[in-house]
Structures are given as C-alpha cells and as structure tokens.
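The following paragraphs lead the reader through one structure. Please keep the sequence and the model in view while reading.

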Amino acid sequence: FDPGQTATALPVPGVALPIPTLSLTLEQKAAFVFIFFLFIFLGLLIVRCFQILLDPYRSMPSSTWMDYMEKDTSDYCLP
C-alpha cells in the first residue's frame with residue numbers, strides 16, 4: 001500500500017446505484033396535495049378540540065345554558 005495514493009471506490013458489479021429523480025406522476029402529486037389538506041384539517045380539529053376542552057362554556061350560546069340553569073334551579077325550590 002502506497003500512502004501517496006488516494007483510495008477510490010470501485011463499483012460493485014450487479015449493484016445499481018439509485019438515481020434520485022424528482023419527477024412525480026399526476027396521481028402522486030394529487031395524492032400529496034390530498035394528504036396535505038388532510039393534515040391541515042386534522043390540525044384544525046385538534047386545535048378546536050383543545051379549545052372546547054379548555055373552555056367548554058365559551059362554545060355554547062349563553063341563552064342555552066342559562067335556560068338550563070334557570071330550569072335546574074327552579075326544580076330544586078321548595079313549595
């Protein structure tokens with residue numbers, strides 16, 4: 001072995017090196033766009049669910065739960 005020589009990688013016969021190509025078919029592009037929109041929809045659903053979990057009464061109209069509150073309190077009144 002001569003230290004002055006540089007080591008070169010010899011090609012292995014029978015092994016093809018993958019050549020990266022960025023060309024996608026129309027179906028693949030449509031699938032990626034569909035998956036992208038699904039992830040956006042999933043993110044919006046997660047944010048909305050956390051908002052409801054953190055403050056459940058904000059999403060309900062005030063007249064709705066006030067009606068239930070008045071009905072519930074009137075049921076417990078003694079005659």
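Where does Ser 59 lie? In this predicted model, Ser 59 belongs to the loop between α1 and α2, the latter helix covering residues 62-75. With residues up to four places away in sequence left aside, Ser 59 touches Arg 48 and Ile 52. Ser 59 is classed as partly exposed because its relative accessible area is 38%, and this class lies between the limits of 20% and 50%.

Of its 79 residues, 0% count as buried. The accessible surface of the chain comes to about 8100 Å², and carbon and sulfur atoms account for 72% of that area.

Helix α1 spans residues 26-54 and includes Leu 53. Leu 53 has a relative accessible area of 65%, and is therefore exposed, the cut-off for that class being over 50%. Leu 53 also takes part in a nonpolar patch on the surface, together with Phe 34, Ile 35, Leu 38, Phe 39, Leu 42, Ile 46 and Phe 50. Together, the residues of this patch have about 850 Å² of accessible area.

An unreviewed UniProt entry places the feature "transmembrane region" at residues 30-50.

Definitions and conventions: Residues are numbered from 1 along each chain as its sequence is written. This is a predicted model: local features need pLDDT of at least 70, side-chain atom pairs count only at pLDDT 80 or more; totals for chains, interfaces and linings use all residues. Side-chain values use heavy atoms; hydrogens and water are left out. Patches are made of residues with over 30% relative accessible area and no salt bridge: like charges are joined within 9 Å, nonpolar side chains (Val, Leu, Ile, Met, Phe, Trp, Tyr) within 5 Å. Accessible areas come from the Shrake-Rupley method with a 1.4 Å probe; for residues, only the protein chains shown count as cover. A salt bridge is a side-chain nitrogen of Lys or Arg within 4 Å of a carboxyl oxygen of Asp or Glu. Helices (H or I, at least four residues) and strands (E, at least two) are DSSP runs, numbered from the N terminus. Buried means under 20% relative accessible area, exposed over 50%, partly exposed in between (1.4 Å probe, protein chains only). UniProt positions are given in the numbering used here, feature names are shortened, and annotations may be inferred rather than shown by experiment. Contact means heavy atoms within 4.5 Å.
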